[in-house]
Amino acid sequence: MKTLRKFIKTLSAAAVFSLLVPLLGVAAQAETWRLASPNGRVQVEVVRSDAKGLPRYSVKYDGYIVIAPSSMGLHTNLPLSEFAAPEVTRRSVDEVYHMVLGNARSVPDRYHEMTLSFSAINEGHNIDLIFRAYDDGAAFRYVVPPQANEYTVYGEQTEFAFPVDYTLWGSDLGRSTTSHEREFLPTTASQVRVFHRYDHPLVGKTGHKETTFALAESDVENYPGAYYSRGWNNALGVVVQLAPLIDSHNSNPQAAKIAQDTPLRTPWRVIMLGDSPRALVESSLVATLGAPSRVADTSWIRSGKAAWEWWHNENVERKTETYLAYIDFAYELGLEYLLIDNGWYEGWSIRYKEGSDITKPIPAMDIPKITAYAKERNIGVILWAQWKQLDDHLDEAFAAFERWGVAGVEPDFMDRNDQEMVNWYHKVLSKAAEHRLVVTMHGAYPPNGLVRTYPNYINQEGVLAAEYNKFSKRITARHNVTLPYTRMILGPMDYTPGGFTHVKPEDYYVGRFSPVVQTTRGHGVAMYVVFDSPLTRLSDSREAYRKPDGSWADGIDFIREVPTTWDETRVLQGDIGEYIVTVRRKDDTWYLGAMTNEDGRTLDIPLDFLGKGTYEAKIWQDAEGDISSLDVSTQRLKRNARLKMKLAPTGGGVAVFKPASRR
C-alpha cells in the first residue's frame with residue numbers, strides 16, 4: 001500500500017491528475033445504481049466499491065453482459081480529489097426530432113438518464129457522470145464545472161471491457177493525423193494491441209444469437225476525437241485514446257486545454273446495440289446524441305446528386321466553358337448540384353502553402369457567371385477548398401461565395417481530429433450556415449452527431465471510397481458491403497459512386513485518369529440506395545453515361561429517379577462483408593437496393609414493408625454474362641409477396657415500388 005501511495009504521489013507531482021476507478025481508500029459496502037432503457041432491454045449498472053473513488057460501469061442487452069465492469073475517469077492536472085457519495089438525479093425524455101436530411105425524417109429521442117454528481121471531499125473539484133439508456137444503446141459522458149484557471153486534459157481512463165473474445169470489425173489507423181480512409185477488417189478482441197488506434201466505429205459480434213454492438217462517440221466539441229486500443233492491464237477490451245494536440249510533446253502529450261471559466265463536457269461514449277448488424281444500420285443513435293440544431297432556418301438546405309469532374313479526369317481544363325457544359329449535363333439528368341474541384345482559385349494547392357487567395361478565381365474561371373447559369377437551371381454550385389487556405393480568408397471567402405451565388409463548399413485535407421481541428425469544424429459549419437452555404441467535408445474525421453447540430457453539413461468523406469479506384473485494387477465488392485455495417489452506421493459517407501466502366505476483379509487494372517470499378521452495374525446503381533449520402537455524385541465522365549448510339553446507359557433511368565434523403569429506412573437481409581438488402585421510403589414510394597460481395601447469390605426478399613394495396617414494381621438486375629448491363633422488368637406486387645433477385649458475383653440490383661393507384 002505504501003508503494004501504491006508513493007506512485008500516486010509521484011503521478012500527482014508530474015501534473016497528471018487522474019479521476020480513477022478506486023486506487024485509494026478502504027474497501028466499503030459497494031454502492032450500486034441501475035438504469036434501463038424505455039423498453040427495458042438495455043441495462044446499465046454502475047458500481048462503486050470504494051467509498052472515495054469513481055465507479056465502474058457495465059452494460060447488458062436482454063440480460064446478456066456486453067460490456068463487463070469497466071473503468072471510468074479523466075487524466076488532468078487539476079488537484080487530486082476524493083469524492084463523497086454522489087447525489088443522484090434521474091429524468092426521462094420521450095420526444096421526436098426532425099432530421100433535415102438523412103436516413104429518416106422523424107427520429108425518436110427517447111431515453112432514461114441518470115446523473116451521478118460527485119463532490120470533492122477536500123481540495124479538488126467536482127465531476128458529474130451522466131448515463132443514458134436508449135432502446136438501441138447506451139451512452140455516458142463526464143462533465144466538469146468551470147474552473148478558476150485554465151487546465152489540461154491528458155487523457156481518459158475510459159474502458160470498454162469485453163467478457164469474451166469478441167469478433168470485431170475495425171479500421172486501425174495507427175495514428176491521429178489521418179484522413180480516416182482504411183478498410184474495416186475482421187479481427188478479435190485478443191488481437192488488439194496497445195499500439196493500435198482503431199477508428200470509430202468499432203463493431204463487434206457478441207456470439208449471443210446475432211446481437212451486435214458498436215463503439216462510437218457523439219457531440220464532440222472543444223475536445224479531441226478518440227481512438228481505441230488494448231487496455232492497460234492487457235485484459236480483453238479496449239480503452240479510449242485521445243488525439244493529442246498537433247504541437248503536443250510526444251513524451252507527455254496534451255489532449256485538450258480547457259479555458260478558464262469554461263465547463264468541460266466530454267463527448268458521449270456510445271455503445272450501440274442491436275439484435276443484428278442490420279439493426280445498427282437502421283439506428284440514428286449517433287446523430288440523436290448530437291447537440292440539437294443550431295441553424296434556425298433550414299428551408300434553404302437541400303440534398304441532391306452532383307456532377308463532378310475530378311474522378312474520371314483530374315486534368316479537365318479549368319475554364320468557364322467547361323463548367324457551363326457540365327451544368328447542361330446536370331440539367332439534362334435532373335441533378336441538383338455541380339461540384340467544382342481543385343484548381344479554380346489563385347495559388348491553390350493540396351498541401352498548404354502561403355500565397356493562395358481563395359477569394360480570387362483564376363482568370364479563366366468566371367464563378368459568378370457559372371453560378372448564375374446554374375441557378376437558372378435550379379442547380380447549386382459547390383466549390384472545393386484546401387482547408388487552411390480557406391481558413392486564411394474564411395470570413396471574406398464566405399461573404400464572397402454568398403455574393404457570387406455559390407451554394408456550398410467542400411473543405412479538404414484536414415486530416416486531423418485534435419481539439420483545434422474539432423473546434424475548426426464547429427466554426428466553419430456555423431459560419432457557413434450564416435451565409436446559407438451547405439458543407440461537405442473531405443479529408444474528414446468520422447461522423448459524430450454534427451449532422452444534427454448543423455443540418456447544412458450534408459455529407460462527408462472519412463471513408464475508403466471510390467477515389468481509390470484510381471490508385472489501387474482496394475475497393476472490392478466485399479469492402480463495399482462491409483461499409484454499411486461499419487463506417488456508415490455513424491452517419492452519411494461521401495463514397496462518390498457512379499463508376500460506369502466495369503471489369504471483373506481478375507481483369508482489374510489501376511487507371512488513374514480513366515478509372516474502372518471491379519463490380520457490376522447492378523452493384524453500382526444499388527449504392528444510391530444502400531449508402532447514406534444526402535449529397536451523392538455521378539463520378540464518371542459524361543460520355544460514360546451514354547451508349548454509343550447516344551441513349552442513356554443502363555441504370556441511368558434509376559439514378560435520375562432515386563432520392564438522396566429519406567423518410568424511413570429498413571435493412572431486410574445481410575451480414576457484414578457478405579451482402580445487404582436495404583429499403584428506403586420517400587413519401588409513398590419504396591426504393592430497394594441489394595449488393596453482394598464476390599459471391600453471386602439469389603435472394604428471396606419479403607415485401608411486408610409495403611403498405612396496403614397493389615404496387616407497381618420496376619426491377620433492375622445484373623444481366624446474364626455482361627457486368628455492364630442490366631435486365632429490367634416490371635411486376636405488380638402486394639405486401640404478402642416475395643421478390644426474387646439474382647445477383648452476379650460483385651453484383652447487385654435495385655427496385656422501385658409505387659402504389660398502383662398512382663398509375
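This is a predicted model: local features need pLDDT of at least 70, side-chain atom pairs count only at pLDDT 80 or more; totals for chains, interfaces and linings use all residues.
Residues are numbered from 1 along each chain as its sequence is written, and side-chain values use heavy atoms, with hydrogens and water left out.

On a 1 Å grid over the protein atoms alone, a cavity is a set of points where a 1.4 Å probe fits but cannot get out; a pocket is an open set with protein on both sides within 12 Å along at least five of seven lines, and a lining residue has an atom within 4 Å of a point. Points are joined across faces, edges and corners, and the volume is the space filled by probe spheres set on them.

How many cavities of 30 Å³ or more does that rule give? Six. The second largest cavity comes to about 150 Å³. It is lined by 17 residues, and Asn103, Ser284, Ala287, Gly491 and Asp532 are the closest to its centre. Sorted by class, that lining holds 11 nonpolar, five polar and one charged.

Now the largest pocket, with about 590 Å³ of space. Which of its 28 lining residues are closest to the centre? They are Tyr154, Gln241, Leu242, Pro244 and Pro253. The lining splits into 12 nonpolar, 11 polar and five charged residues. Strands β11 (151-156) and β18 (237-242) each bring at least two residues to it. Those labels are DSSP runs numbered from the N terminus: helices are H or I over at least four residues, strands are E over at least two.

On to the sheets. Two strands pair if DSSP finds at least two bridges between them. The parallel sheet here is open and has seven strands, in the order β29-β28-β27-β26-β23-β22-β30. At the edges sit β29 (457-460) and β30 (535-538), each pairing on one side only. On average, neighbours in this sheet are turned by 25° against each other, ignoring direction. For the angles, axes are lines fitted to C-alpha atoms, for helices over the stretch in contact, and angles run from 0 to 180 degrees between N-to-C directions. Zoom in on β28 (438-441): three bridges link it to β29 in the parallel sense, and Val439 faces Tyr457 of β29.

Next is an antiparallel one: an open sheet of six strands, ordered β31-β32-β33-β38-β35-β36. Its edge strands are β31 (568-575) and β36 (626-637), each with pairing on one side only. Neighbouring strands here are turned by 15° on average, again with direction ignored. Inside this sheet, β35 (615-623) and β38 (652-659) run antiparallel and share seven bridges. Lys618 is opposite Val656 of β38. Helix α11 (521-530) lies across β32 (579-586), β33 (589-596), β35, β36 and β38, and runs at about 130° to β33.

What about helix against helix? Two packed helices are described by the angle between their axes and the distance between the axes. For α7 (394-404) and α8 (419-434), the angle is about 35° and the axes are 10 Å apart. Contact means heavy atoms within 4.5 Å. Leu394, Asp395 and Phe398 of α7 meet Lys427, Val428, Lys431 and Ala432 of α8. That makes four nonpolar, no polar and three charged residues in the contact of α7 with α8.

Last stop, a few local details. Strand β13 (167-170) runs antiparallel to β14, with four bridges, and Thr167 has Thr188 of β14 as its bridge partner. β13 is also joined to β15 by three antiparallel bridges, where Leu168 partners Gly204. In the loop between β14 (185-188) and β15 (202-205) you'll find Pro201. Is the peptide bond from His200 to Pro201 cis or trans? Cis, with omega near -10°. And look at Asp261, in the loop between β19 (256-258) and β20 (264-265): its phi is positive, about 60°, although Asp261 is not a glycine.

Key. Ala, Val, Leu, Ile, Met, Phe, Trp, Tyr, Cys and Pro count as nonpolar, Asp, Glu, Lys and Arg as charged, and the others, Gly among them, as polar.
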